[in-house]
Every structure is written in structure tokens, then in C-alpha cells.
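I opened my notebook to look up a few things in this structure. Here is what I wrote down as I went.

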Amino acid sequence: MLAENDSLVTEFVLAGLTDRPELQLPLFYLFLMIYIITVLGNFGLVTLIGLNPHLHTPMYYFLFNLSFIDLCYSSVFSPKMLMNFICEKNTISYVGCMTQLFLFLFFVISECYMLTSMAYDRYVAICNPLLYKVTMSPQICSVISFAAYGMGFAGASAHTGCMLRLTFCNANVINHYLCDILPLLQLSCTSTYVNEVVVLIVVGINITVPSFTILISYVFILANILNIKSTQGRSKAFSTCSSHIMAISLFFGSAAFMYLKYSSGSMEQGKISSVFYTNIGPMLNPLIYSLRNKDVKVALRKSLLKFQRKDRY
């Protein structure tokens, strides 16, 4: 597919977050720290869930996948973003750019549906607790997670396939720190009408379906929680959902804000606001789920005690 593209551009230049020289080094250290925290946090959560059998439940199965997605997602663009702060000219090949675009979209769309799966899991746990083990069996959880990755693959393939049909002539400076759809469309010297229609359809589906499913799930969850008579039971139900609500708000809120800025024509503001969507979210997710979750804290203490005992002997 790449070989058939008649693009005149063989490489792109990533403009980066800012062109102000005095900010390059401070921003390099800031985003390096964010990336290190993101990798350690998500890798730690993946390892913790994998090593502790009592965390092998549907809720933590989806959290395992969410952390895995965040780990891969941040690694798709962070190294190039960091290079932009210390290199005079941060270039990326045409093939590299299309690969980055595909992987970025694959993990972003997969995260949308993984967060949706987690909302459905909470709905079943709170609204149908007696049927929870049957409804959320390992086989069904696997099907749901594969469906999330399948939607990610389909969406990324549609966007990347349409991008490959475009011709890029002389302009090759991408006004962003990664290869994203809208900055790339601005560089095309051929009609982008088909791409814009695909963006409208695919983005529409990947926002409407998860948002509607999450909203309906939490309407039922809230109605069920309000019917719980005991204060302790009510607070326990709320606490199991609070971490997920924070993660959803962070992901969908920052993504919506970023694309609203882009649609208003403000590329610079859209680029800056995208930091919350691309960098801050994957960093905060493991902190949100570990600091507000008793099971994770207990598992972490047990794992640390095991390592301490091994060191002694």
C-alpha cells in the first residue's frame, strides 16, 4: 500500500510543541519525567495485576488492558516528542509517520472501548451482582477486550488507508509533535474531502457509541446505588466507580477540548491542549487506580513484603 502512494514527500519535519529556544530544555526534562512516570506506573500496574492471583477478576482484567494500552500509546510518540526538544530538526520518514499515525489511532480508539468495557463491568457488578460471574466470565471478558482492539484496528486502518491515498507535495512541516490526522490533512496538495468524511463517520462512531454506553451504564448504576438503604453499601458502591469516572472524565474531556480547539482553527491552542490527552492521561491513570483502590494497595504491600523476604534469605 505504501509503495503505491505517489507522494513527493519522503520525510516530514515535526514542528514540536513550541519553537521558543529558552523553553526547549525545561520542557525536555518535564516531559521526560512524565514519560518515565507513565512507563513505570503502567508497567508496574500490569506486573502487579499479572503476579497477584486475587486480582485476576474482570475489573482488573480490563484495568490490565487499559494500562497496557497506555504504556504502548505513550511510547508511540513520546521518544520523538523528546527528540524535538533537543534536536534542531526533528524529521520522521513518510513510512514512519504513517506507522506512528496508525499505532496512535489504534491505541486511542482501543482505549475508548476499553473504558466502555470497564463501565459495563461496573454496571453488571452493581446492578446484577448475582449474575456477575456468569455474565463476566473469562471467555466473555476476552471477547469484549478483543472487540475493543478490533474497533481500534478498524478505525486506525480506515484513517491511515485514506491518508495513504493523499499526495504531499512541497509542504512537509507538521505543526504538531506527532503525526495526527488534522495537521497532516493541512499539508495535502490533493482533495481531502474523502478523508474529512471518514473522520466525521469514524470519529462520530467512536465518540457516540462509547459515550452513550458509558452514560446509560452509569444512569443505571446511579439509580441502583440510590436504592441501597445502608450508607456503608452506598459508599462502597460509589468508591468502586469513582476511579473509573475520573479516568473517563480525563480521557474524554481532554480529547473533546483538544478537537474543539482544532475545529475552531486554533492549531497552537489545540496542540498545547492535546498534551493533557496524550501525556497527562496515561500518566495519571495508574495513579488514579492505585491510590484510590484498596485491592491494588493490598496487592502492592504483599508484593513488596515478598521481595523483602526473598532479599533476607
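Before anything else, I noted what a nonpolar patch is: it joins nonpolar side chains (Val, Leu, Ile, Met, Phe, Trp, Tyr) within 5 Å, from residues with over 30% relative accessible area and no salt bridge. I also reminded myself that this is a predicted model.

**Entry: the nonpolar patch**

I looked for a nonpolar surface patch and found one of about 720 Å². Its members are Met-151, Tyr-193, Val-194, Val-197, Leu-200, Ile-201, Ile-205 and Val-209. Which helix gives the most to this nonpolar patch? Helix H7, residues 193-226, does, with 7 residues. I picked Val-197, which is found in helix H7, and checked how open it is. Val-197 has a relative accessible area of 31%, so it is partly exposed.

**Entry: the positive patch**

Lys-236, Lys-294, Lys-297 and Arg-301 form a positive patch. Helix H10 (residues 294-312) gives the most here, with 3 residues. Lys-236 sits in helix H8, which covers residues 231-263. Is Lys-236 buried or exposed? Lys-236 is exposed, because its relative accessible area is 60% and the cut-off for exposed is over 50%.

**Entry: salt bridges**

I kept one general idea in mind: side chains of opposite charge can pair when their charged atoms come close. How many salt bridges does a search of the whole structure find? It finds 2.

In one of them, Glu-22 pairs with Arg-20, at 2.9 Å from N to O. Glu-22 is partly exposed at 49% relative accessible area, and Arg-20 is partly exposed too, at 46%.

Asp-121 and Arg-122 also form a salt bridge, and their closest N and O atoms are 2.9 Å apart. Are these two buried or exposed? Asp-121 is buried, and so is Arg-122.

**Entry: the database record**

Last, I checked UniProt. Its unreviewed entry carries the annotation "transmembrane region" for several stretches, including residues 60-79, 130-151 and 197-225. I then compared two stretches with the model. Residues 60-79 are 100% helix and 0% strand, with the end C-alpha atoms 29 Å apart. Residues 130-151 are 82% helix and 0% strand, and there the end C-alpha atoms are 30 Å apart.

Terms used: Residues numbered from 1 in each chain as written. Predicted model: local features only at pLDDT ≥ 70, side-chain atom pairs only at ≥ 80, totals over all residues. Heavy atoms only, no water. Patch = residues over 30% accessible without salt bridge, like charges linked within 9 Å, V, L, I, M, F, W, Y side chains within 5 Å. Areas by Shrake-Rupley, 256 points an atom, 1.4 Å probe, with all protein chains shown as cover. Salt bridge = Lys/Arg side-chain N within 4 Å of Asp/Glu carboxyl O. Lys, Arg positive; Asp, Glu negative; His and termini not counted. Charge placed at Lys NZ, Arg CZ, Asp CG, Glu CD. Helix = DSSP H or I, 4+ residues; strand = E, 2+ residues; numbered from the N terminus. Buried < 20%, exposed > 50% of the residue type's maximum accessible area, 1.4 Å probe, protein only. UniProt positions renumbered as here; feature names shortened; annotations may be inferred.
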